[in-house]
Amino acid sequence: VNADDLDCDAIVIGSGPAGATVADVLTAAGWSVIVLEKGRNHLLDLEPPYGPLGHFSNDEVKCVQRHFLGPDPITEPRTYRRTVDDGDRLMTGHVNALPTTVGGGGVHADAKLPRFREEDFLLRAALGPVDGADVVDWPLTYAELEPYYAEAEKAVGVAGEETNPFAAWRSGPFPMPPGADMYGATLSMAAAENLGLHPYRAPSGVNSVEYDGRPACVNCGFCGWYGCPIEAKGDPVALLRRVLRTGRGEIRPESHVVEITLDRSGRYATGVRYLDRDRNEHEVRATHVVLAAGAFETPRLLLRQNLANSSDQVGRNLMYHFQTLTVGAFPFRVHGIRGRSVTGAHDDHIVGDEAQRKAAVAAGLPWIRGGLVEHGGAGQPVQEALVYGPGAHHGAAMRDSSLRERLWVFTMQGEDLAQPSNRIDLDPAVRDAWGYPAGRVTYEPHPHELVMSDHAAPILESVLREAGAEWTITSTSPPRGADIDLTPLGMAPASYHIMGTCRMGADAATSVVDPTGRTWDVENLLVADSSVFATSAGYNPTLTIMALAARAAHLLAGEPLPPTTAYR
Amino acid sequence: VLRTSGFAIRLSSFELRSLAVRSVGKAAQPPGEAAPEMTAGSAKPDPRSGSNRAQLWLTDGEHQTLRAVMDRLIPGDEWGPGAGGAGGADYVDLLLGAFSFQPPRIWAGGPFSGRHGGEPGFDRWLDLGPVEELAWRIRIEGTQGDPARTFNGEVTGWQERYRAVFAALGADLADQPADIQDDRIAGLADEDRILVYTHACEAHYGDPTYGGNREGAGWRAISFDGDVLPRGWTDEEVSGP
């Protein structure tokens with residue numbers, strides 16, 4: 001390709017935390033970048049001074065019931081089955097539908113941004129294999145990633161405190177102190193501490209003070225599933241605004257990439273073809289193409305072309321977090337609608353103790369690892385009302401509000417072990433509105449996840465009772481046991497933490513991308529999103545997504561960050 | 001990282017419902033007390049949610065029927081009107097007739113309602129992109145054999161489903177005693193009863209901009225403040241009992 005024919009240095013597919021980070025680093029390094037985003041733009045004006053559009057609002061009908069952030073399950077359905085024994089699919093519709101919008105998953109997340117720990121990158125070396133799972137080490141270490149974690153925290157603004165005894169080392173303090181504790185968190189954190197756990201204030205990409213020209217959060221309570229109307233959440237608006245300000249970055253919303261174009265050798269990407277909002281076709285050409293469409297859409301696009309798949313690993317090793325959801329109803333109002341949705345956390349079930357080791361052995365497993373437990377509030381009233389059902393009891397139940405105003409929620413983001421049979425592939429019949437095959441999930445948990453959940457649940461329930469809950473109950477996502485026959489929409493894993501479908505490794509035979517994020521098969525095609533995760537760890541993935549994307553982009557630009565050391 | 005409690009509620013809704021309903025009566029605010037005032041900012045009735053909205057898609061008779069049905073699903077009491085009395089039929093009428101407007105009345109604007117300060121922006125309705133319009137036309141109008149809509153086969157739209165619901169309920173439903181109304185509602189297909197109940201919940205507990213929850217009546221009955229921006233909550237209100 002002649003340089004004169006190029007539209008830009010790099011095309012980035014997807015504008016979520018991964019794509020925004022790549023675009024930010026590359027434009028800062030002097031590269032020209034075009035970001036192609038399938039969804040609408042509600043995030044920021046694409047003309048100077050790139051201010052907010054004012055589209056986001058605390059509106060449950062719009063944001064939760066009416067698919068405002070996309071994707072709409074009618075035009076972009078996905079399908080789900082547990083195993084091949086379920087036939088072609090068990091359900092069609094809303095499956096792990098991370099927002100399809102400028103800003104991607106960053107827009108709707110309540111922005112819990114923890115780092116992984118050192119051990120998470122060396123799981124097989126540290127703990128050994130598990131039968132039936134494909135436990136591997138990452139081809140990089142925490143130390144190699146630390147400079148990029150620090151850069152990502154500064155870029156979006158993370159508020160936190162260094163009181164978690166299990167946290168990995170840091171090269172500097174959090175950019176901001178933590179924000180106000182939710183009332184329920186003050187109760188559950190005190191109770192957790194009474195029972196020997198180690199709660200801490202959850203690191204959040206939500207401003208506790210004015211930061212980078214964006215205001216402090218005012219605790220409105222509409223975090224998860226809502227874009228932030230006042231831009232107190234930095235991910236990824238801070239990154240995308242900076243991209244635009246360089247004058248070297250362009251964001252093209254409603255641009256649906258349909259093909260990665262290749263030269264005759266098939267080993268070199270020349271650009272992409274995409275459809276605009278009116279379905280007119282365009283082609284753009286660049287020296288590099290970066291896939292950042294998320295761990296669901298990235299493998300879907302590659303599988304349509306059977307690209308970068310000589311290892312047969314594209315779409316495989318799909319990991320979620322196995323969520324253990326323990327709720328407690330209090331005899332008084334904990335008003336979980338006020339504040340940042342989740343303000344406390346504890347990591348004890350990741351690290352484990354003697355009882356956890358015994359539980360593993362008793363179940364015939366060498367080890368089990370849980371995940372970060374979020375201490376958070378309940379949702380808004382439409383969702384609550386749907387649970388109570390119609391009739392004479394309805395009004396009293398809503399006023400009593402045991403499922404909203406009096407509910408406090410623990411969510412354990414349990415580590416999910418990779419299994420090659422858990423995968424995303426192309427549904428044989430269901431199509432999207434453009435006529436392309438829908439992505440299909442085949443997923444069932446490994447016994448590791450179930451044993452860990454069973455071990456953690458009574459502990460979590462005892463903490464909530466210690467905090468004052470009058471009743472507690474635990475469910476999981478995906479559901480299990482008697483819950484499996486609940487509504488089809490509840491069958492698929494509800495976690496939007498999707499990982500592993502283009503795993504990173506040191507061996508081209510068993511991985512899709514190399515340790516720098518380049519696909520083994522197409523040298524100038526990179527994957528920058530959570531597809532590359534080798535393990536899921538028990539931590540919310542977004543900050544690690546950004547750190548990996550930043551590292552890949554810095555290495556691509558030939559400007560790696562210098563190594564770091566612990567600052568204290 | 002997400003609205004986890006929503007997931008919890010959905011995933012074991014049967015168990016949770018029975019627990020929650022059993023625990024009614026242990027309320028922090030027992031019935032009989034005066035309905036509490038909204039606590040954040042200066043809550044004012046919303047003039048946009050008046051009862052004189054032009055009827056778009058429902059006939060007068062259907063509107064009366066739907067109002068009666070919603071008042072059986074979410075009944076009124078001493079704390080306020082039921083979902084029908086608070087405009088639930090207007091909510092459905094505006095939804096089924098959303099494409100009578102440009103932009104279609106699917107997504108209210110932002111960033112603030114104006115009820116707690118700031119300029120009101122919810123009535124600056126947002127436009128739909130072509131794919132979004134396709135989704136909402138399929139949802140509301142159905143595929144109707146249109147090749148552009150049938151990429152996954154035929155879909156019956158909400159307009160047609162509501163017409164079938166009205167036929168099943170009978171034109172005289174609003175004039176019947178409550179037990180007859182309940183029997184007829186119970187006789188609807190599960191999926192249709194769920195559709196109407198879902199819309200009743202959205203109407204009664206969603207923003208008044210969409211036509212239900214007139215003057216915030218649904219929220220006031222449950223002491224919910226709705227959109228509280230730009231005021232938000234102070235750190236003391238967040239962290240204290």
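What share of the contacts in chain B between residues at least 6 apart in sequence join residues at least 24 apart? The share is 61%, where a contact means heavy atoms within 4.5 Å.

This is a predicted model, in which local features need pLDDT of at least 70, side-chain atom pairs count only at pLDDT 80 or more, and totals for chains, interfaces and linings use all residues. Residues are numbered from 1 along each chain as its sequence is written, chains are lettered from A and ligands numbered from 1 in the order in which they are written, and side-chain values use heavy atoms, with hydrogens and water left out.

**View 1**
Chain B has 10 helices and zero strands; helices (H or I, at least four residues) and strands (E, at least two) are DSSP runs, numbered from the N terminus. Of its 241 residues, 55% are buried, and buried here means under 20% relative accessible area, exposed over 50%, partly exposed in between (1.4 Å probe, protein chains only). The mean pLDDT of chain B, pLDDT being the predictor's confidence in each residue from 0 to 100, is 85, and 78% of its residues reach 70 or more. Take some care with residues 1–14 of chain B, where the pLDDT is below 50, although this stretch has 59 contacts in the model beyond near neighbours in sequence. Residues 25–52 of chain B also have pLDDT below 50, with 56 such contacts beyond near neighbours in sequence. For the complex, the predictor gives an ipTM of 0.96 and a pTM of 0.94.

**View 1. Helix α5 of chain B and what it packs against.**
Helix α5 of chain B covers residues 130–141, and at 1.5 Å a residue its 12 residues should span 16 Å; the end C-alpha atoms are 15 Å apart, which agrees. That expected span is 1.5 Å times one less than the number of residues.

**View 2. Two aromatic pairs in chain A.** The whole structure holds 18 aromatic pairs over all chains; rings of Phe, Tyr and Trp (its six-membered ring) pair if their centres lie within 6.5 Å, and planes under 30 degrees apart count as stacked, over 60 as edge-to-face and the rest as tilted. Tyr142(A) and Trp169(A) make an edge-to-face pair, 5.5 Å centre to centre with 85 degrees between the planes. They sit 27 residues apart, Tyr142(A) in helix α5 (residues 142–156) of chain A and Trp169(A) in the loop between α5 and α6 (183–194) of chain A. Tyr142(A) counts as buried at 1% relative accessibility, while Trp169(A), at 24%, counts as partly exposed. The rings of Tyr183(A) and Phe332(A) have their centres 6.3 Å apart and their planes at 50 degrees, so this pair is tilted. Tyr183(A) lies in helix α6 of chain A and Phe332(A) in the loop between β10 (322–329) and β11 (342–346), so the pair ties together parts 149 residues apart in sequence.

**View 3. Charges over rings.**
A charge sits over a ring if NZ of Lys or CZ of Arg is within 6 Å of the ring centre and within 35 degrees of the ring normal. In chain A, the charged end of Lys62(A) sits over the ring of Phe68(A), 4.6 Å from its centre. In chain B, Arg137(B) lies over the face of Phe99(B), at 4.0 Å from the ring centre.

A cis peptide bond joins Gly70(A) and Pro71(A), with omega about -5 degrees; Pro71(A) is in the loop between α2 (60–65) and β3 (78–81) of chain A. Another cis bond runs from Leu229(B) to Pro230(B), with omega near 5 degrees, and Pro230(B) is found in the loop between α9 (217–221) and α10 (235–239) of chain B. That loop between α9 and α10 of chain B also holds Ser223(B), which has a positive phi of about 60 degrees although it is not a glycine.
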